[in-house]
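Subject: Handing over a structure

Hello,

I am passing a structure on to you, and I hope you enjoy exploring it. Please open it first and then read my notes alongside.

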Amino acid sequence: MSTAKEWSKQSVIDYYYQHRHDVSDLYPSEKVFLPRVLFPGAKVLDVGCASGGFFNIMRTFEPNIEYTGIDLSEVALELARNRYPEAKFVLTEGFDLPFEDNTFDLVHCTSIFNNEPNYQAMLKEMYRVSNRFVIADIRLLKGIGKQQNSIYNIQFEGDSVEATVPYVVNDADEVANFILRLEPKPKALRGTGYFHRLAKEAESDAEVCMAILLVQKGGRENGSTVIDTEDLPIDFSISGA
Ligand SMILES: C[S@@+](CC[C@H](N)C(=O)[O-])C[C@H]1O[C@@H](n2cnc3c(N)ncnc32)[C@H](O)[C@@H]1O
């Protein structure tokens with residue numbers, strides 16, 4: 001697990017203040033689901049919001065949203081509050097969200113699970129507080145059986161490593177089967193993404209699938225889950241879907 005200390009290093013704060021506030025900063029795969037699930041009046045929770053860039057990105061797609069960002073770095077949140085006073089920012093951990101079940105239409109979380117070994121606990125919590133959609137990105141490989149853990153050097157400016165956090169690649173089938181066991185059972189699991197070399201900060205040039213997943217929350221009806229991985233260069237082997 002990473003902490004506020006690592007994510008509040010000056011170079012990280014500066015990087016996320018200067019980048020990832022505009023649609024043009026997004027990877028193409030990040031633009032696939034997000035505009036489709038935002039609608040006028042949507043209540044959105046952004047987990048790991050840093051200095052609030054996705055508020056600006058989301059309102060470019062849909063100006064009328066009710067946005068809440070959470071993060072464990074108070075330094076990042078202070079910058080977010082000053083820059084976007086019309087949005088709401090809360091200091092909290094993604095593992096224990098201080099919101100009722102089914103509060104948000106969309107719960108969004110990017111660039112967190114690649115540094116978080118216990119993605120399951122966070123995803124379960126995000127699914128709990130969503131009443132409709134969850135979007136998260138995650139690094140996947142097929143057939144590795146269990147999670148691969150290495151180290152990610154936080155090194156946004158220059159050569160010096162300011163801190164290290166875990167770097168995590170997950171087994172694609174484990175992730176899909178974990179999602180399909182969420183309760184209530186999801187209505188749909190969709191994916192998009194591409195294979196790419198790991199960032200240099202991860203000390204490896206292995207190629208992994210950079211996946212964005214869209215999970216649509218189910219209701220009481222408990223029907224089967226639509227699985228759409230057409231745009232994902234990895235298939236899921238589902239046990240008992
Ligand atoms: C790599 S930045 C990503 C920022 C933004 N989501 C994006 O995609 O550009 C990760 C952010 O998530 C926050 N973070 C990491 N782990 C967290 C956790 N367990 N709970 C809440 N925030 C977390 C960090 O403080 C940092 O601001």
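Below is what I found, going from the whole chain to single residues.

This is a predicted model, in which local features need pLDDT of at least 70 and side-chain atom pairs count only at pLDDT 80 or more, while totals for chains, interfaces and linings use all residues. Residues are numbered from 1 along each chain as its sequence is written.

**The chain as a whole**

The chain has seven helices and 10 strands. Helices (H or I, at least four residues) and strands (E, at least two) are DSSP runs, numbered from the N terminus. The C-alpha trace spans about 50 × 40 × 30 Å along its principal axes.

Of the 241 residues, 38% count as buried. Here a residue is buried if 20 or more other C-beta atoms lie within 10 Å of its own, exposed if 12 or fewer, and partly exposed in between, with C-beta atoms placed from the backbone. Among the contacts with a separation of 6 or more, 69% are between residues 24 or more positions apart. Two residues are in contact if their C-beta atoms, placed from the backbone, lie within 7 Å.

**Around the ligand**

The ligand is surrounded by 19 residues, and the closest are Trp7, Gly48, Ala50, Gly94 and Thr110.

Helix H5 covers residues 74–83, and its buried residues are Ala76, Leu77 and Ala80. These residues are on the same side of H5, because they cover an arc of only 95 degrees around the axis; the arc is that of the directions from the helix axis to the C-beta atoms. An α-helix has 3.6 residues a turn, so residues three or four places apart point the same way. The exposed residues Glu74 and Asn82 are on the face of H5 turned away from its buried side. The buried residues of H5 pack against helix H2 (10–18), strand E2 (65–71) and strand E3 (88–91).

Helix H4 (residues 53–61) has Gly53, Phe54, Phe55, Ile57 and Met58 buried. Its buried residues pack against H2, H3, strand E1 (42–47), E2 and E4.

**Strands around E9**

Strand E9 is largely enclosed by the rest of the structure, because eight of its 10 residues are buried. E9 (residues 207–216) runs antiparallel to strand E8 (residues 188–197), and 10 bridges join them. Two strands pair if DSSP finds at least two bridges between them. Leucine 189 has valine 215 in E9 as its bridge partner, and phenylalanine 195 has cysteine 209 in E9.

E9 is also joined to strand E5 (residues 130–141), by eight bridges and antiparallel. There, arginine 139 has methionine 210 in E9 as its bridge partner. E8 in turn runs parallel to strand E10 (residues 226–231), with four bridges between them. The partner of threonine 192 in E10 is aspartate 231.

**Backbone details**

The peptide bond from glutamate 183 to proline 184 is cis, with omega near -5 degrees. Proline 184 is in the loop between helix H7 (172–180) and E8.

Arginine 20 is not a glycine, yet has a positive phi of about 65 degrees. It lies in the loop between H2 and helix H3 (30–37), and arginine 20 is partly exposed, with 19 other C-beta atoms within 10 Å. Asparagine 102 also has a positive phi, near 60 degrees. Asparagine 102 is in the loop between E3 and strand E4 (104–109), and counts as exposed with 12 C-beta neighbours inside 10 Å.

Best wishes

Technical notes: Near = placed C-beta within 6 Å.
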